[in-house]
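Dear colleague,

Please find below the structure that I am handing over to you. My findings follow directly after it.

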Amino acid sequence: MKKLLVVSLIVFLSGCSSVTGPKMSMTWPDTPPDLKTACPDLGQVDTNTTKLSDALNVITANYSQYYLCKDKVDNWLDWYNAQQKIFNSVK
Amino acid sequence: MFNWLIEQALGHLPVWLWPAVAGAGTAVYFLAHLLSNFPNVKPYAIFIKPAAFLTIILGVFMYGGAGVTEILQAQIKEQEAKIAVAQQASSDANTNIQTKIVTKTKVIHDTQVVYQEKIKEVEKKIDADCKIDPEAISILNGAAKNPLGATK
């Protein structure tokens, strides 16, 4: 009788250990499309011009370009940190 | 494929079935033990006993597995719920960032337009007062060039 109980216990435990759960994980989200484009190069002033207004136009456009690019990097960081926090909360 | 079929078949059986099988096996085993005292049925009892023993083993083994499966199923459901919440939060975060990008880009573009208008207003005056030496433009363009090469 004792042997039967011992064998039953062993069989029961081996039945327990034979089952393994599936591994589940969250997929990393896709990046917003606006963050996927590279920053363009800065504009160049026409070398044939002597007008200050032409140069100023290119310079102000370049300033805007810089801020657009800076915003893109800042948004990348915000996006990554937000998604990382959400991703880690599921683990 | 075979494993999958087995899993599907076993996964739909109720958990209580396995202790019932083990219990039935035990009952048959003891019954066979009692019957072995009767000479007429003794030869059958010799075959029934091992079969009953195997039935007990099968029932107990499957009960052990089914118990764990039930626990794992509960954990899977919990994890699925967590993932669904996280995916919604992730999607919301993406939408928020996308909205922020659109708003900020508009502000930067609008500011650029304002300054271009200001340049237009004083264009004639500044162009008349100042002529840029081509050397200065060359320096400015050189400084604006990416020292690492063109953007890909």
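I begin with the contact between the two chains. In this predicted model, 52 residues of chain B are in contact with 46 residues of chain A. On the side of chain B that touches chain A, helix H3 (42–129) and helix H4 (134–144) of chain B each supply at least two residues. The most comes from H3(B), which gives 39 residues to that side. By class, the side of chain B that touches chain A consists of 26 nonpolar, 19 polar and seven charged residues.

Helix H2 of chain A, residues 52–90, and H3(B) have axes that come within 9 Å and cross at roughly 170°. Angles over 145 degrees count as roughly antiparallel, and H2(A) and H3(B) are therefore roughly antiparallel to each other. The residues in the contact of H2(A) with H3(B) comprise 19 nonpolar, 13 polar and seven charged.

H3(B) also takes part in a helix pair inside its own chain. Helix H2 of chain B, residues 17–35, has an axis that comes within 7 Å of the axis of H3(B), and the two cross at roughly 160°. Given that angle, H2(B) is roughly antiparallel to H3(B). The crossing of these two helices, H2(B) and H3(B), is left-handed. Their contact, that of H2(B) with H3(B), is made up of 19 nonpolar residues, four polar ones and one charged one.

As to the chains themselves, chain B has four helices and zero strands, and its pattern along the sequence reads α-α-α-α. Of the 152 residues in chain B, 13% are buried. When contacts in chain B between residues at least 6 apart in sequence are considered, 69% of them join residues at least 24 apart. Chain A, for its part, contains two helices and zero strands. Chain A has 91 residues, and 9% of them count as buried.

With kind regards

Terms used. Residues numbered from 1 in each chain as written. Chains lettered and ligands numbered in written order. Predicted model: local features only at pLDDT ≥ 70, side-chain atom pairs only at ≥ 80, totals over all residues. Buried ≥ 20, exposed ≤ 12 C-beta atoms within 10 Å, placed from the backbone. Contact = placed C-beta atoms within 7 Å. Nonpolar A, V, L, I, M, F, W, Y, C, P; charged D, E, K, R; others polar. Axes fitted to C-alpha atoms, helices over the stretch in contact; angles between N-to-C directions. Parallel < 35°, antiparallel > 145°, perpendicular 65-115°, else oblique. Left-handed = near helix turned anticlockwise from the far one by under 90°.
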